[in-house]
Amino acid sequence: MKPRREQDSPSEENAATNSVKASGDRSVAAGRDIGIVTTGDNSINIIQHTEQLTILPDTTFKQPADVAISSRLCNLPRLYKTFVGRHSDIAALNAANPVEGETLVQAICGLGGVGKSTLASHWAASKCSEHTLTWWITADTSANMQAGLASLACALHPPLSNYLTHEALSEWAIQWLSAHKNWLVILDNASEPTLVQPLLSRISNGGRVLITSRLATGWHYIARPVSLSSLSPDEAVLLFKEILGVSTFSTDTGVRDLCEELGYLPLAIEQAAAFCVETKTTPQEYLGMLLDYPIEIYQAGPEGGDSERTISRIWKISLDKLEDSQLAGKILRILAWLSPDRIPRYLLSQLAAPPILAKAIGKLIAHSLVSSDPETGSLSVHRLVQAVIRCESESLEYLDFAASSLIRHAPPDPQHDPTGWALWWELVPHCDALLQNALGNANESQLGKLSFLAITEGSFLLSQKSLHASLRCAITDLEITERLYGRESARLIGPLTSMAMLYQELGDTRLSGETLQRALSISKASSGEDSEQMLSLLASLSEQLRWERNFGQALIQAKRAFRVAGKILPPGHRTWVHVLRMLGEAYCAIRRPYIGIPYLKKALSLISVLDSSNHPHAATILRSLSWAYEVASDFPNSRSVMFQALDIVNEAYGPEHPVVLEFSTILARIFRKSGHYAESLEILLDITENNGFPKLPLRSQSSCLINAAECLYFLGDPDGELAFLVGACSVPRESRLDDLFFLQIEQRIAKIHIAAGRMERSLHLLLQLKDRSAQFGDDAREIYIWSSNEVTRIQEL
């Protein structure tokens with residue numbers, strides 16, 4: 001009997017009753033609205049609202065519990081043939097053991113484009129034989145989920161499709177799932193747990209559900225989460241090559257660099273490889289376009305493919321979710337300018353109070369746009385998320401906050417105050433990223449902040465002997481300064497002087513000299529010959545000439561600097577320290593230490609007054625003074641002064657700092673030169689076993705190993721000598737001068753093998769040495785002649 005509605009009148013009921021008639025055994029006639037109707041032995045309870053006569057033959061319908069599957073039913077989407085990797089993620093899915101009488105629910109979570117649906121479909125396909133039903137449902141909205149369930153009902157019991165609405169069909173499918181076991185349902189792209197929880201609560205008595213979602217949080221209440229990350233580098237390269245297939249260009253060239261730039265994200269790699277196949281573009285060319293035209297590339301989908309599955313479009317969905325949280329959007333746009341990994345939360349501390357900030361970060365984590373390290377709390381963002389956000393027109397305003405925050409948290413005096421070094425190492429990758437990403441887009445005010453960052457970071461890296469990285473900072477500062485003030489401004493002298501010094505330490509005397517000459521030219525034009533600026537440059541030029549082994553000219557420039565200093569500097573001025581040290585070293589370089597030592601002692605006395613006798617600046621002067629005594633063959637004084645310098649830097653920086661290890665190497669050299677080979681070797685072995693050894697400049701590493709080899713030679717251990725020489729040769733070279741020097745080391749290695757009677761090995765090394773020395777012409781003529789003669793001699797044996 002139809003329940004009476006409040007708005008129904010008796011006359012309306014009578015009209016409805018008189019308007020329809022039933023005929024046939026166990027048939028039912030319905031007017032407007034009916035409640036539950038049951039007819040026949042196999043009838044179904046259906047809640048239905050109808051406006052017209054519907055005759056439901058009892059032989060057509062079955063109860064959900066009575067519908068069995070005669071053959072396995074599956075509706076998985078088309079599988080990609082290029083599926084690679086994911087072994088640990090598949091293992092995690094397989095490791096979950098269902099409990100008898102309960103539905104096992106797992107949720108694959110991750111960033112858009114990371115491959116959640118691809119993994120789910122491939123894993124489900126591998127499990128089809130284990131389940132009577134494998135059914136894929138799009139679960140991003142309630143309507144789509146209902147449509148997927150309705151489609152399942154029609155597949156299980158086709159006659160239903162002619163009579164029931166989606167809502168009724170969905171209900172029938174839910175009843176079927178609750179009445180059966182051994183099925184697998186995939187709920188793809190679920191927007192949030194609350195959307196699927198009502199369904200899961202009704203089908204909880206047997207079966208398996210696999211959910212995919214961009215939402216990273218909230219699933220642990222109803223599912224076992226499986227967090228999905230990007231591919232490994234090798235897997236990413238393999239995926240790219242498999243999509244590329246047969247091509248007219250080498251698939252090896254540039255693929256790895258491109259995959260790294262794409263952050264090993266599967267969708268981005270698929271998009272890039274498809275573009276390369278379609279347009280016959282090489283990976284290097286695609287990488288160039290990605291850097292020059294990021295917006296167009298991120299939006300470019302393949303012809304005939306799913307135009308909505310591009311990096312730009314697929315992340316817009318996640319970004320749109322942030323519209324109700326301005327703070328979360330602001331955080332993400334600030335993070336876009338920093339390094340993608342290990343971003344300290346304190347860089348965001350000025351944005352809001354801690355609870356509010358934490359809530360906004362939590363929203364980003366929930367939508368898989370940001371991840372958080374469980375131990376340190378530092379944040380990570382996928383590099384392509386950053387790149388897409390930086391393409392937004394309003395992103396530049398957040399650059400300013402990122403730069404200001406780095407400046408605010410950067411410790412002062414990075415070259416000499418070790419208490420801030422640990423913090424500096426945290427900030428270096430973010431300074432690098434900001435300088436790289438922002439340089440081409442920043443306005444004048446922002447360029448000033450970037451210049452300050454480049455200078456201070458470069459100073460810190462120099463203190464750590466990270467010479468190449470420090471040089472990059474100096475070059476960046478030069479580029480910024482040129483943009484702000486032009487190519488002839490006196491402001492260029494600072495970065496040019498830093499660059500010259502770093503080129504010098506790296507062994508590139510040509511570039512060092514050219515850079516210094518440019519600085520000298522600018523200084524002369526802007527402030528004349530007798531200026532403090534010119535004074536410092538002359539002292540640096542003297543040092544540069546000594547590196548070039550042009551000792552006579554080095555002394556001339558050092559004397560010139562001394563004369564200028566006498567004209568313009570008051571007694572006790574700090575610049576005198578540099579001038580006196582350069583003059584003292586210049587005299588020592590021409591083997592006149594008895595003249596140089598008094599100048600170095602004056603410099604030491606002055607720095608002790610300006611700073612202190614235990615300041616690292618004093619240690620630098622002591623190192624020069626030790627060398628002066630070494631040149632004079634006064635080894636006891638040389639060792640004593642070097643021990644004093646080593647104590648100062650060890651106290652200031654700690655035993656693993658590169659400066660400490662370099663000073664130790666010098667001390668070992670002094671012991672070796674004075675014939676104390678065992679003592680020298682002991683120091684050198686301690687250095688090579690020190691945790692800080694890999695941080696030493698490459699030239700210092702090889703020098704240490706070569707000195708150890710020489711000690712072992714004098715101690716009569718040719719096998720030990722050979723081991724250290726081979727180790728030295730494995731250290732990467734930094735300049736042509738290094739290559740020339742190492743030809744002598746390779747010659748010594750060949751001599752050891754010859755002396756040991758290993759002729760086959762010797763011949764192989766000699767042939768290599770002959771070819772390599774020929775490339776250097778007259779610079780290596782003696783080595784070429786020797787190796788050629790030895791090859792001939794051994795071949796005649």
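The legends below describe an overall view and several close-up views of a predicted model.

**Overview. The protein chain of the predicted model, with its helices and strands.** The protein chain contains 34 helices and 10 strands; helices (H or I, at least four residues) and strands (E, at least two) are DSSP runs, numbered from the N terminus. Of its 797 residues, 50% count as buried, where buried means under 20% relative accessible area, exposed over 50%, and partly exposed in between (1.4 Å probe, protein chains only). Among contacts with a separation of 6 or more, 66% are made by residues 24 or more positions apart; contact means heavy atoms within 4.5 Å. Residues are numbered from 1 along each chain as its sequence is written, and side-chain values use heavy atoms, with hydrogens and water left out. Because the model is predicted, local features need pLDDT of at least 70 and side-chain atom pairs count only at pLDDT 80 or more, whereas totals for chains, interfaces and linings use all residues.

**Close-up 1. The largest cavity and its lining.** The model has 4 cavities of 30 Å³ or more, and the largest cavity holds about 120 Å³ of space. Of the 13 residues that line the largest cavity, F83, V84, T118, P266 and E270 are the closest to its centre. Helices α3 (116-126) and α9 (266-279) are the elements that give two or more residues to this lining. By residue class, the lining comprises 8 nonpolar, 3 polar and 2 charged residues. Ala, Val, Leu, Ile, Met, Phe, Trp, Tyr, Cys and Pro count as nonpolar, Asp, Glu, Lys and Arg as charged, and the others, Gly among them, as polar. On a 1 Å grid over the protein atoms alone, a cavity is a set of points where a 1.4 Å probe fits but cannot get out, and lining residues have an atom within 4 Å of a point. Grid points are joined across faces, edges and corners, and a volume is the space filled by probe spheres set on the points.

**Close-up 2. Helix α29 and its buried side.** Helix α29 (residues 677-688) has 12 residues and reaches 16 Å from its first C-alpha to its last, close to the 16 Å expected at 1.5 Å a residue; the expected span is 1.5 Å times one less than the number of residues. Its buried residues are S680, L681, I683, L684 and I687. They lie on the same side of α29 because they cover an arc of only 165° around the axis, the arc being that of the directions from the helix axis to the C-beta atoms. These buried residues pack against α28 (658-673) and α30 (698-714).

**Close-up 3. Helix α19 and the residue that follows.** The 19 residues of helix α19 (residues 467-485) reach 26 Å from the first C-alpha to the last, close to the 27 Å expected at 1.5 Å a residue. The buried residues of α19 include L467, L471, L478 and I480. The partners of its buried residues are α17 (421-438), α18 (444-463), α20 (493-505) and α21 (509-527). After α19 comes G486, with a positive phi near 95°.

**Close-up 4. V105 in strand β4.** V105 belongs to strand β4 (residues 103-109) and is buried, with a relative accessible area of 10%. Leaving aside neighbours within four places in sequence, V105 is in contact with L200, V209, I211, I222, A223 and R224.

**Close-up 5. Two arginines with positive phi, R342 and R549****.** R342, although not a glycine, has a positive phi of about 50°; R342 is found in the loop between α13 (326-335) and α14 (354-366) and is exposed at 63% relative accessibility. R549 has a positive phi of about 65°, is found in the loop between α22 (532-547) and α23 (551-568), and is exposed, with a relative accessible area of 64%.

How values were computed. 1 Å grid on protein atoms, 1.4 Å probe; cavity = no way out; pocket = protein on both sides within 12 Å on 5 of 7 lines; lining within 4 Å.
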